[in-house]
Every structure is written in structure tokens, then in C-alpha cells.
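Please look at the sequence and the structure first.

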Amino acid sequence: MSRLTRTDRPYDIVLFGATGFVGTLTAEYLARHAPAGLRWAIAGRGTEKLERLRERLPGGTGTGLLRADVSDPASLRNLAEQARVVATTVGPYTEYGEQLVAACADAGTDYADVTGEPEFVDLMYVRHDARARETGARLVHACGFDSVPHDLGAYFTVRQLPEGTPLTVDGFVTTDAAFSGGTFASALNQFAGSRRLRAAARERRYHEPRLVDRRTSAPLGAPRYAPEVGAWALPLPTIDGQIVRRSAKALDRYGPDFRYRHYAAVRRLPVALGGVAAVGTLVTAAQFPSLRRRLSDRLKPGDGPGPEKRARSWFTVRFVGEGGGQRVYTEVAGGDPGYDETAKMLAESALCLAFDDLPPTAGQVTTAVAMGDALIDRLRTAGIRFRVAATR
Ligand SMILES: NC(=O)c1ccc[n+]([C@@H]2O[C@H](COP(=O)([O-])OP(=O)(O)OC[C@H]3O[C@@H](n4cnc5c(N)ncnc54)[C@H](OP(=O)(O)O)[C@@H]3O)[C@@H](O)[C@H]2O)c1
């Protein structure tokens, strides 16, 4: 089915999980920033909760309402068939996400989520990429803080460097923010399932075509003092490096030999060591079901940082790119990364997929490949900074 024939669907955008923490922020963002004539709906498993949310939304009466539950595949098929783009915040995605991806791939519906779970993304590639290519659906995972600033930031950095030459980009993330029950649950899930995660990555490698005449890599790197940013750099084994590498594989602009390394940047060594110890303790605790339950009881689904805390939160990702005898320093920065900015990134991704003139892609694609410059322009307009700090 071509994209044009899909304009006769009832909704441009359906937001699934609208009653959750990130979902509510995304619904509020869409309600405040909806272009005139946007046909959109909020969706979730609880009609009353959806109705209460709709009453609070600016211009809410014009917003549609769809009931759908992940345990009812027919409701997800119905949801996918009603929309041109489905954006979902229903996570942990490894637990709840697959049926909706399958429904969107089948219905030729564009799909955006805010997962940061590599196992989920790898399995969705193996199981649904081929079908999505057939129907023309674009499956775009990681449209939140994982991994928009890093994927689009690396893309933006590459665009400042010469073409046709080997390039390296290092990304250094600094944030001051808190997290929600949903994020905590997803993180614990990931920590507990490292064997499954490696198995999914292996399966993906088996199915994914190899590059023949270009090379890309995203090695973990080693902890080091990084004088180029004046901070301690700790390798971050998040999904971001994998996403950046996938963009580099898909786009020739990243050159014949591209390497990306992803770090947390911390100014003081004791803070860096404390962070490593805290993550190590959580990873160890997550291996034991009883400890995992006790930890997740401390931060319930639906809970998250309040408006005041979010207003004080911020993120900066600094990039150092090199190639063809040139070095460039760039930066992507914004407010509360996990929630306000994640909601903005997801909503703008959905609007971008629905309305912007984008390169023809289908199947599982990254934000840089599916939306690139168009999404950078949207995010800049929405207050996220992309800038070149210096070129040498
Ligand atoms: N990439 C990023 O940077 C980033 C940032 C923040 C969050 N996240 C991810 O986003 C996800 C959501 O986080 P959150 O804090 O918003 O979590 P949350 O508040 O727990 O929200 C989860 C949502 O899923 C819905 N849900 C749960 N089970 C369902 C079912 N059976 N059928 C339909 N809907 C169901 C919930 O519905 P009810 O309202 O009815 O309970 C709720 O709307 C998590 O996976 C988190 O890791 C990613």
C-alpha cells in the first residue's frame, strides 16, 4: 500500500500508552503543538483514564480515543489500521512491544517508540523488518533521549566533515536528571536479561546484510581522561552506539570507514567512580528475582519526577569529529532528557513521519536515516540546540 492511499485513514497520529508518565507528557505536547487540522487520537487500555486525560488536554474534545490492550492483538491491529503513524510509550518493550510492531508492519503504518532496549530492537529487526519493507511501513525505534540526540548529533557532526574519507566521532553525554518507574522497570529488565540480549544481537547479525565496500564500528572504548572535553570519559554500553552505527551503515555520507564511541562525561573522578559502582550494584541485584522485585517496588509504573525537578534538569551531548585533516566540536543540548525532551522528541518524530518530505525508506530505520535534517529542523524549532562549537 502506498503512503498516499493511507491518507484516508481516520487519524494522522495515534498515541498508544497516552495515560502513562511519558505518554501523558507526549499527549500534552501534541495537544499544545498540533498543527491545524491534525487528526489524532490517544489510545490505551483504560477508557476512563483516557477520558480523564482528554478532558485535561487543550482542545481535547477534538482528540479521538481508542481502547487497545497489548494482551488483545485484534485491538492492536485495529489501532494500526486507523492511523498513518502510531507512536507508543507502552514499555518495557521487550515485554509489551512486539504485537504492535507486528500490526504496524502488516498494516503499512509508520511506527515510533521510545525504547532503549537493544534486545527488543534486534528481535523486531529479525521478525518484522522484511514485512515492513513489503508494506512500506517505517519502524523507527528509540525516538526519545535514547537515541535521538546521539543519532542526530553524530549525523550533524558528520555533515560538518569532508566527504569520502574515514571519519571518527566520539560522543560525550552529561545530564542532570531523575528517572520514572517505567524507565527503572525497563532498565532492570535489561540488566536481568544480558544473556537474552547477546542472543538477540547474534540473531540479528545472522540476518543482517554485511557491508561490502565500507566499514563501520562502535567499539565500547576504555575509561580515560578526555582532554578534548575536559572530563573523565566512561564508556556507555547503551543502545546509542548501535543506533549511530546503523545510521552509518545505511548512509554513504558517513564515509568509507566510520567509528563511533559513546561516553558519559564526568568532571570529577570520585563522581565517575561512584556512578560505575552504583550501576554495578544494580546490575548484580537485577540478577536475583526477589531483589529485582524489591527494587521495582521503590519506583512504581506511572511515577516520575515532578514538574519542578524536570524544569531544573538538562542534558548536553558534546561530539568530537575528525577526518580528512579536520576536527569539529559540536553540541546537542536541551532540558529534562528523560521526560519533557523525550516526549517532545517522540511527538516531533511522529509529526515528522506524518507530514514532512522525507527520503523514501521502509523497514526498521533509525531516526537519522528516516528523518535526518527534517527532524533536526523540527527539534531546533522546538528548543533543542544543535550547534557547531568549533572547527580546527
Ligand atoms: N528512550 C528514552 O529516553 C525513554 C525515556 C523515558 C521512558 N522511556 C521508556 O518509555 C516507557 C514508558 O515509560 P513511562 O515512565 O511512561 O512508564 P509508565 O508510566 O509505567 O507507562 C506505561 C504505559 O504502558 C501502559 N500499559 C501497560 N500495560 C499495558 C497493556 N497491557 N495494554 C496497554 N497499555 C499498557 C500503561 O497504561 P496504564 O496507564 O493504563 O497503566 C501506561 O500508559 C518505558 O519502557 C521507559 O523505559 C524511554
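## Model and conventions

This is a predicted model, in which local features need pLDDT of at least 70 and side-chain atom pairs count only at pLDDT 80 or more, while totals for chains, interfaces and linings use all residues. Residues are numbered from 1 along each chain as its sequence is written, and side-chain values use heavy atoms, with hydrogens and water left out.

## The chain

The chain has 16 helices and 15 strands; these are DSSP runs numbered from the N terminus (helices H or I, at least four residues; strands E, at least two). Of its 392 residues, 52% count as buried, where buried means under 20% relative accessible area with a 1.4 Å probe, protein chains only.

Contact means heavy atoms within 4.5 Å. Among contacts between residues at least 6 apart in sequence, 78% join residues at least 24 apart.

The axes of α7 (residues 148-158) and α16 (residues 372-381) come within 10 Å and cross at roughly 115 degrees. Axes are lines fitted to C-alpha atoms over the stretch in contact, and angles run from 0 to 180 degrees between N-to-C directions. From α7, Val148, Leu152, Tyr155 and Phe156 meet Gly372, Asp373, Leu375, Ile376, Leu379 and Arg380 of α16. The residues of this contact divide into seven nonpolar, one polar and two charged. Ala, Val, Leu, Ile, Met, Phe, Trp, Tyr, Cys and Pro count as nonpolar, Asp, Glu, Lys and Arg as charged, and the others, Gly among them, as polar.

## Cavity and pocket

On a 1 Å grid over the protein atoms alone, a cavity is a set of points where a 1.4 Å probe fits but cannot get out; a pocket is an open set with protein on both sides within 12 Å along at least five of seven lines, and lining residues have an atom within 4 Å of a point. A volume is the space filled by probe spheres set on the points, which are joined across faces, edges and corners. The whole structure holds one cavity of 30 Å³ or more. The largest cavity has a volume of about 40 Å³, and its lining has eight nonpolar, two polar and no charged residues, including Phe16, Thr88 and Tyr111.

The second largest pocket contains about 410 Å³ of space. Of the 18 residues lining this pocket, Arg133, Glu208, Arg246, Ala250 and Gln364 are the closest to its centre. Helix α10 gives the largest share of the lining, four residues.

Notes: Buried means under 20% relative accessible area, exposed over 50%, partly exposed in between (1.4 Å probe, protein chains only).
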